[in-house]
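Here are my notes for someone opening this entry for the first time. Please keep the viewer at hand while reading.

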Amino acid sequence: MAAVPIAEVPAKQRERYESLSKTFHSIYAKKPDFFARAPGRVNLIGEHIDYCGYAVLPMAIEQDIVIAAAQSDDDEIQLNNSDSKYAPFHCKTTKYAIDRDAPKWFHYFLCGFRGICENFQLQQPRGMQLLIDGCIPASSGLSSSSALVCCAALATMRINDLHLSKVELSELCQHCERHIGTEGGGMDQAISFLAEAGTAKLIEFNPLTTTDVTLPHGAAFVIANSCVEMNKGATDHFNIRVAECRLATQVLAKSLSLPTDQVKKLSDVQLKSGRRLSEMISFVEEVLHVAPYTRQEIADLLGLTEDELRDRFLTARSQMVDLFNLRQRSLHVFSEADRVLKFKDMCSKSPADALLQLGNLMNDSHHSCSKLYDCSCQQLDELCALAVESGALGSRLTGAGWGGCTVSLIPEDKTEIFCEKIRSFYEERPERMARIDASLFASCPGKGAAFYSL
Ligand code: ADP
Ligand code: NG1
Ligand code: MG
């Protein structure tokens, strides 16, 4: 299985790494032993379905987290960040806690650290001196959290002289990021490790596999940040959706007389019932009602008490919810899973109207995220509508939503004029305008995580 590459710093990035090295020296009075880098990602289509077991279609972006790292001869983890809004932190390698209620930046590092320690059952992990430098807009759906977790796992692995393949690291990081409290599905960590320059990837789970998806000639993808930040670790939105999908899985399995203990995800229901995605959609429309389900109703349907329902299917982050939109959430999941396959198919067949059709799939995806999954917000809806008015063939929120970024498909030769038109969203507010360079940019499929030396 492929290992994480070790490479020379590319010429374009030399200045950044040299400056990091200097800052590292000014803090620790020595040079870093190596650099670890993990990129963020933009998901082109397939939102909120990775944790339901369905394939997604992201690409890595250029923006990344880089960690300059050196081994120390004590048992301390010393963490510094080039951005002063992330205050320094230190702890013993064997004594630390990860706060799931109000996670701080260094807790994401500790997720990756803990993942490696647990995987290798390290009793005395080596001490580390670290300097973190990130340029992925945080809490914006471009996966800054996973880039940090993946990079932390890489630095810890190398300092302790350990080895894992990219696939093993993807799976390890998917699980260890859950220490922060979010029940993610693995897309972000997989693309951060497995991305390759020039190609988007179809990512399938169980087992984790990737397939190159070459984007049609003439397609450009522009990312625009709504400038509404949504911290997934500090809020409940994300886990409530995961819980709704878990409950929908049980209710659908029950109505199909499937063994409910063997069915964990919506994709299991499809697999075990031998239906196509279109048939799952018709089935949901037939058996699930539009009005939200109460706890009592779900418990009765499953033959459980309300306490049993809570203990088996809800978590600390979803226990307080009274109403569950089972029909809307499962309709989104099955239809979005279908759109991913169509998107991939359209890229490989590349007919004359491929861009138009890809754009339509992206618009449908946004509509479904907004109306069925209820994970958009007014600013994201506004940005998507403005994008389509400004020449995008399709536009949708990317990442978990409730804020963060949109991704729009633009004919390549219209990118400049498109960005000019989108400026009006930023000009509306000085605080948006102040961040426009980091908020509005075209993106090509970037490369995956690696180690670097100067
Ligand atoms: P995203 O959509 O970017 O993954 P999350 O809410 O999942 O958003 O994670 C954002 C959190 O990740 C931030 O609140 C911060 O704690 C951490 N983070 C992101 N970028 C950095 C960085 N450059 N340095 C330190 N921590 C970072
Ligand atoms: P972001 O928005 O990057 O935190 C989250 C999940 C993904 C996926 C998307 C929605 C984590 C680490 N990431 O991404 O697994 O479910 O939302 O498609 O939980
Ligand atoms: Mg995240």
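1. A word on the source. This is a predicted model.

2. Next, the pairings, taken one at a time. Strand 12 and strand 13 are joined by four bridges and run antiparallel. Here Ser395 has Ser408 in strand 13 as its bridge partner. Strand 9 and strand 13 are joined by seven bridges, again antiparallel. In this pairing, Ala224 stands opposite Thr406 in strand 13. Strand 9 (residues 219-225) also has four bridges to strand 14, and these two run antiparallel. Phe221 faces Ser443 in strand 14.

3. Is strand 13 mostly covered or mostly open? It is mostly covered: seven of its seven residues are buried. Look at both faces. Cys405, Val407, Leu409 and Pro411 point one way from strand 13. Thr406, Ser408 and Ile410 point the other way. All of these residues are buried.

4. Now the charged pairs. Side chains of opposite charge can pair when their charged atoms come close. A search of the whole structure gives 27 salt bridges.

5. Take Arg37 and Asp64. They form a salt bridge, with the closest N and O atoms 2.6 Å apart. Arg37 lies in strand 2 (residues 34-45) and Asp64 in strand 3 (residues 57-72), so the pair ties together parts that are 27 residues apart in sequence. Arg37 and Asp64 are both buried. They also belong to a network of salt bridges that links Arg16, Arg37, Asp64 and Asp133.

6. Arg126 is in the loop between helix 2 (105-119) and strand 6 (127-134), and Asp161 is in the loop between helix 3 (144-159) and helix 4 (166-176), so the pair ties together parts that are 35 residues apart in sequence. Asp161 has 55%, so it counts as exposed.

7. Asp322 and Arg295 also meet through their side chains. The salt bridge spans 3.7 Å, N to O. Asp322 lies in the loop between helix 10 (306-313) and strand 11 (323-324), and Arg295 in helix 9 (residues 295-302), so the pair ties together parts that are 27 residues apart in sequence. Arg295 is buried, with a relative accessible area of 12%.

8. Move on to the ligand. Which residues are closest to ligand 1? 18 residues surround ligand 1, and the closest are Asn81, Gly141, Ser144, Ser145 and Lys232. A polar backbone atom of Ser139 is 3.0 Å from an oxygen atom of ligand 1. A backbone N or O atom of Gly141 lies 2.9 Å from an oxygen atom of the ligand. Ser145 contributes through its side chain: an N or O atom there is 3.0 Å from an oxygen atom of ligand 1.

9. Finish with Ala155. This residue lies in helix 3. Ala155 is buried, with a relative accessible area of 0%. What does Ala155 touch? Leaving out residues up to four places away in sequence, Ala155 touches Phe34, Ala36, Ile67, Ala69, Met128 and Leu130. Arg100 is 55 residues from Ala155 along the chain, and their C-alpha atoms are separated by 23 Å.

Key: Residues numbered from 1 in each chain as written. Chains lettered and ligands numbered in written order. Predicted model: local features only at pLDDT ≥ 70, side-chain atom pairs only at ≥ 80, totals over all residues. Heavy atoms only, no water. Pairing = 2+ DSSP bridges. Salt bridge = Lys/Arg side-chain N within 4 Å of Asp/Glu carboxyl O. Buried < 20%, exposed > 50% of the residue type's maximum accessible area, 1.4 Å probe, protein only. Near = heavy atom within 4 Å. Polar contact = N/O pair within 3.5 Å; in protein donor to acceptor, adjacent residues only side chain to side chain. Contact = heavy atoms within 4.5 Å.
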